[in-house]
Amino acid sequence: VLQQGPSGHLRSADEAPAPYANMSDGKAKVEGMGDTNEDSNNAATYLWKSTRVLGIILVYCAIGSQLSVVNKVVVTFIPLPNFILFCQFTATTLMLLLAHYTGMVEVEPLTWRIAGIYTPLVITFFALLYAGMEVMKYAPLETFITVKSMTPVLFGACEYLFLGRALPNWKSSLALVGIVFGAAAYVKVDAYSSFKAYMFCGLFLIAAVSEGLVAKTTIEKVPLNNWSRSYNINILSMPLALAQMLLAEEMLQMGDEKNEWSIKTITLLVASCVMGLGMSVATMWIREALSATSVSVVATCNKFISELVNWFIWNKHTTSDGLWAVLVIMVCGIFYEQAPLRVPGQGYVREEICPCLPRSWLGFTPKVRKTDGGAYGAI
C-alpha cells in the first residue's frame, strides 16, 4: 500500500537546500552513485552503473508490479476501496509497531510537530491512493497504467519550475512525447472505462504531482528513517480512510451480494496489506535515490510485469489495440534519463525556482551588481 515518498524528495520531501539529499549525511548525493550522479557533476545519471540504485529499482518493481495486480483483483471482488485502504494502512502501522517493539527496526513515535508537518503530504498521499483504487474499480488495469504513465510528463515540468532541475534532454523529451502519444492512442481505443473512471484519472494526476512536490519539502524538515516515515504516513492516513469509508457508506455495503467474501479474496486482501509495507519502504528508498520524474518513469515501466500477469490470469483487461498502446508507453519510458540540476550539487535554490518568470512575481528582491562606474544591472 504504500506508495509514498522518500527523502530528498518524497514522493519526498526535501527541499530546502538539496532535494535528493542522503538521509544519513544530508549531502546532495546518493550513496553508490559516485561520479555518475548527475546532482554532483551536472551529467545524466546512468542508473545501471550503481548497484545500490539498481537494487532499489528491482525491489520496487518486484513488489509494485504484483501489488497493482493484487489490488485490482481485490477491489474487483470487494468493491470497497476505502475499506481496503484502511486495512492496508492499519496493517502497515501494526506491523511496524511490532517490528519496533521486537527490536527489528527503530520507529520514532508520532508527535504533534511531525503530524503538523506531514499533514499536507498525508492528504495528497491518501488522495493519490484513493484515486488509484477508484480507477481500478471502474476501469481495466491498463487504464490505471496509462494514466500513471502521464505523471513523468507533468513531473518534468514541475521539477524545472520548482525543484531546480533542467529540462529533459532531446532523448528524454522524445520519450515523454512518445508516452503522451501512447496514452492518447489508448484513450481512443479504450472501450471499457467509464466517464467516472476518467474523472478519477484526473484526480490521480493532480494528486500524484502534488504529492511528489510536497514530499520533497516534507522529508527534509523532519529527519526520520524510512521506517519512521512510513509509520507516520500510514498512521496519519488511517483517519482519512476511515472518514472516507463512512462518507461512502461502505460499512453499510459490507453485506451486499456484490462483495465476494471468500477465502481467496480475504487471502489476497491480507497479501496486499503485507506487500503494502514493502512497497511503502521501497518507495521511500527509490525516492531518496532518484528524482520525482525518474521515480514516476520507473513506476510506469514496472507495470510491464503487471500487464503480463493481468493478461494471463483473467479476461478483465483491455483490447489488443489498447495493449499495443500500453506497450508503446512502457517502451518509451525505458529511454528516459533524469535531467541534471541547474546548479550542480544543489536542488532547490530559492533564486532558481521558476526561472521563466520575473523574480518580482515571486516576491524576490532583484540584486543590483555594482562596478566602479556604479550599478549596471539587476539580476
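**A helix pair, and a helix beyond**

Guide: H4 and H8 cross in a left-handed sense: the near helix is turned anticlockwise from the far one by less than a right angle, whereas clockwise would be right-handed. This is a predicted model, where local features need pLDDT of at least 70, side-chain atom pairs count only at pLDDT 80 or more, and totals for chains, interfaces and linings use all residues. Residues are numbered from 1 along each chain as its sequence is written, and side-chain values use heavy atoms, leaving out hydrogens and water.

Helices are DSSP runs of H or I, at least four residues, numbered from the N terminus. H4 covers residues 112–138 and H8 residues 195–221. They pack at about 155 degrees, axes 8 Å apart; axes are lines fitted to C-alpha atoms over the stretch in contact, with angles from 0 to 180 degrees between N-to-C directions. H4 is therefore roughly antiparallel to H8 (the term applies to angles over 145 degrees). Their contact residues divide into 20 nonpolar, 4 polar and 5 charged. Here Ala, Val, Leu, Ile, Met, Phe, Trp, Tyr, Cys and Pro are nonpolar, Asp, Glu, Lys and Arg charged, and the others, Gly among them, polar.

Now H8 itself. Its 27 residues reach 40 Å from first C-alpha to last, close to the 39 Å expected at 1.5 Å a residue (1.5 Å times one less than the number of residues). H8 also kinks by about 30 degrees, centred on alanine 215. That bend is the angle between axes fitted to the seven residues ending there and the seven starting there.

Conventions:
Helices (H or I, at least four residues) and strands (E, at least two) are DSSP runs, numbered from the N terminus. Angles under 35 degrees count as roughly parallel, over 145 as roughly antiparallel, 65 to 115 as roughly perpendicular and the rest as oblique.
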